[in-house]
Amino acid sequence: MKITRLFDFAYHQLEKHSQKNCFLYKEEHQWKNITTQEYIEQANKVSASLLELGVEKNDKIAVITTNNNPNWHILDIGVLQIGSQNVPLYATLSEKDYAYVLNHSDAKYCFVSDEDLYEKVKKIQDQTQLKKIFFLKDHESDCSWNSFLEIGTKTVHSETIKKLNKEVKPQDLATIIYTSGTTGTPKGVMLSHKNIIDNIFKTDKTLDLSDGNKRIISYLPICHIFERAASYYYQYLGYQVYFAESIELLGDNIREIKPNFLAVVPRLLEKIFDKIVAKGSTLSGIKKTLFFWAIALGEAYEPYGKNGKLYAFKLKIARKLIFSKWQEALGGNLEFMLSGSAPMQDRLIRIFLAAGIPIFEGYGMTESSPAITVNDLRNKGLKIGTVGKPLEGIEVKIASDGEVLVKGSIVMLGYYKNEEMTQKTIVNGYLHTGDIGEIDEEGFLKITDRKKEMFKTSGGKYIAPAVLESELKQSRFIEQVMIIGESEKMPAALIQVNFDFAKEWAVRKKLPADSIITHERFINRIQKEIDFYNQRFGKWEQIKKFEITPDEWSIEEGLLTPTMKMKRKVIKEKYKNLYQKIFNS
């Protein structure tokens with residue numbers, strides 16, 4: 001069968017690779033399986049219940065899950081095949097963001113994975129158009145997953161489902177994925193079935209994976225387009241999809257499942273590498289020497305045998321003595337890792353390539369469904385320091401100001417209810433990415449800077465600095481604050497305190513006013529302020545560390561513009577010692 005709509009992936013699997021172990025999840029320490037047949041039968045029950053509840057074509061269904069699970073995918077197919085849209089949300093959003101997104105998206109129903117999320121959404125339900133909130137699991141209430149599935153048994157809906165299924169067109173809207181804007185107000189990215197399917201098949205041509213009973217572990221947030229597109233791709237190839245129990249148990253799950261491929265974000269790989277180095281540091285004598293010799297060797301790695309024969313001989317020894325243990329720790333079957341969502345350190349790419357576990361770094365965004373470019377070892381298609389070459393049929397060019405522009409069938413339909421922002425972002429068919437880059441003579445794309453102030457942490461989460469800064473500056477203790485942490489593991493802050501107020505506070509507390517900014521009690525007091533304002537934001541946005549600058553940021557010193565705006569690069573450079581202290585200590 002030809003795949004033209006997202007739910008076709010499930011039916012294709014039933015026809016071509018019907019699986020006993022389509023999805024696998026843990027329950028009471030035992031792996032339970034769902035067959036392809038059960039997957040589709042359950043999805044049809046979802047469709048029937050939604051129709052019984054009065055859900056119509058183009059209605060929006062929201063879904064929030066803490067951990068990935070089979071019912072998310074079952075719900076997804078059930079929603080899409082009747083012409084409705086799935087609106088996935090992060091489990092870490094604040095109540096304020098839930099209220100905004102659920103209302104803005106016109107969501108009629110919301111499905112949640114657990115009690116905490118249920119309570120969060122219930123609190124703001126009256127600010128939305130939600131008719132009811134259901135659980136994605138069994139629960140002792142009429143909101144349980146089984147209670148929801150029972151709703152559709154009152155009437156026979158099979159013919160209606162078939163009819164609606166046929167009516168869904170490839171160009172129809174499939175999903176709205178909310179991503180933060182520069183102002184911090186989430187924007188609803190509208191992606192069609194065709195957007196995502198074209199992206200999957202273009203990526204497939206680059207990776208050229210074989211189908212069959214290979215094992216995959218699903219753990220990245222399924223509300224993120226990176227993991228979601230990957231999950232459809234796995235279904236297409238007939239792979240067994242195991243759902244990680246939690247991010248904390250991911251290492252154990254990897255060793256148990258022994259996956260063939262792994263989608264990663266930089267922060268996860270940094271954590272894996274940090275654990276490996278920490279373990280290596282506990283060694284002694286010749287073992288320790290060999291461990292760090294192997295890492296140093298890996299740091300010098302160049303693909304395609306460019307290091308020469310002597311290096312290749314040394315690498316063979318390093319792989320046998322050291323790197324083979326890394327492979328075992330990652331299950332022993334890992335063929336490669338695909339990295340996206342944020343920039344990956346070149347050093348890690350070299351080391352893992354040397355270890356025989358290639359990392360293929362790609363580049364993309366929600367607005368491009370997601371992949372735009374990808375690195376691949378075949379045909380000299382990998383170049384460290386770049387994000388690879390454009391997918392087939394996708395045009396990537398650099399604007400006069402250095403911005404990366406993208407054109408092709410993977411470009412979103414636009415932003416939901418925001419025509420003005422859509423017109424600014426898609427101009428003459430070109431998606432303006434907001435990233436600065438360059439294309440080298442071999443056609444590889446290199447991302448060199450961010451056009452906007454907004455940035456991503458190494459975990460792939462967007463941070464809108466201005467929103468955090470404006471909140472923190474409400475504190476009487478804080479005169480200026482700059483949020484930092486692009487491509488780092490967390491957001492942090494450089495703070496210029498209100499020196500007058502700080503001295504006043506010191507006098508009140510009978511502390512030395514002249515040296516107050518280094519006093520432990522004062523630093524704890526600033527921490528209290530940070531903790532207070534952190535409550536207003538999602539977990540990934542919250543400030544984890546800060547440093548106080550010793551002097552005032554002024555126009556005269558060149559740290560502020562004449563209109564008192566911060567010169568971010570200048571401030572970061574001036575206080576690079578504090579920056580290093582935050583992220584390297």
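**Sheet, loops and charged pairs in a predicted model**

At 11% relative accessibility, Ile-548 counts as buried; the term buried stands for under 20% relative accessible area, exposed for over 50%, and partly exposed for values in between (1.4 Å probe, protein chains only). The model is a predicted one, in which local features need pLDDT of at least 70, side-chain atom pairs count only at pLDDT 80 or more, and totals for chains, interfaces and linings use all residues. Residues are numbered from 1 along each chain as its sequence is written, and side-chain values use heavy atoms, with hydrogens and water left out.

Ile-548 is placed in strand β26. Helices (H or I, at least four residues) and strands (E, at least two) are DSSP runs, numbered from the N terminus. Leaving aside residues up to four places away in sequence, Ile-548 touches Ile-495, Val-497, Ile-517, Phe-522, Ile-523, Ile-526 and Leu-578, where contact means heavy atoms within 4.5 Å. From Ile-548 to Ser-84 the separation is 464 residues in sequence and 50 Å in space, C-alpha to C-alpha.

Strand β26 belongs to an open sheet of three strands, in the order β24-β25-β26 and with mixed pairing. The edges of this sheet are β24 (478-484) and β26, each of which pairs on one side only. On average, neighbouring strands of the sheet are turned by 25° against each other, direction ignored. Two strands are taken to pair if DSSP finds at least two bridges between them. Strand β25 (residues 492-497) and β26 run parallel and are joined by four bridges. Within this pair of strands, Ala-493 stands opposite Phe-546 in β26. Helix α20 (residues 576-584) packs on the sheet and touches β24, β25 and β26; the direction of α20 makes about 155° with that of β26. For such angles, axes are lines fitted to C-alpha atoms, for helices over the stretch in contact, and the values run from 0 to 180 degrees between N-to-C directions.

Glu-541 is buried but has no salt bridge, and the nearest side chain of opposite charge, that of Lys-96, is 8.7 Å away. In this count Lys and Arg are positive and Asp and Glu negative, while His and the chain ends are not counted. A salt bridge requires a side-chain nitrogen of Lys or Arg within 4 Å of a carboxyl oxygen of Asp or Glu. The side chain of Glu-541 does reach the backbone nitrogen of Gly-538, at 2.9 Å. Residues up to four places away in sequence aside, Glu-541 touches Tyr-462, Ile-463, Leu-468 and Pro-491.

Side chains of opposite charge can pair when their charged atoms come close. In this model the count comes to 30 salt bridges. One of them is formed by the side chains of Glu-245 and Lys-26 (3.6 Å, N to O). Glu-245 lies in the loop between β10 (240-243) and α10 (250-257) and Lys-26 in strand β1 (residues 23-27), so the pair ties together parts that are 219 residues apart in sequence. Both residues are partly exposed: Glu-245 has a relative accessible area of 27%, and Lys-26 is at 25% relative accessibility. Lys-26, Glu-245 and Glu-256 are linked in a network of salt bridges.

A further salt bridge joins Glu-27 to Lys-32, with the closest N and O atoms 3.1 Å apart. Glu-27 counts as partly exposed at 38% relative accessibility, and Lys-32 is likewise partly exposed, with a relative accessible area of 32%. The side chains of Lys-417 and Asp-106 also meet in a salt bridge (3.0 Å, N to O). This pair links distant parts of the chain, 311 residues apart: Lys-417 is in the loop between β18 (414-415) and α15 (419-425), and Asp-106 is in the loop between α4 and β5.

Backbone geometry was examined in several loops. Asp-106, placed between α4 (95-104) and β5 (107-112), has a phi near 65°, a positive value in a residue other than glycine. Lys-510, in the loop between α17 (499-508) and α18, has a positive phi near 60° and is likewise not a glycine. Lys-510 counts as exposed, at 76% relative accessibility. The peptide bond from Ser-369 to Pro-370 is cis, with omega near -5°; Pro-370 is in the loop between β13 (359-364) and β14 (371-374).

Notes: A polar contact is a pair of N or O atoms within 3.5 Å; within protein, one must be able to donate a hydrogen and the other to accept it, and residues adjacent in sequence count only if both atoms are side-chain atoms.
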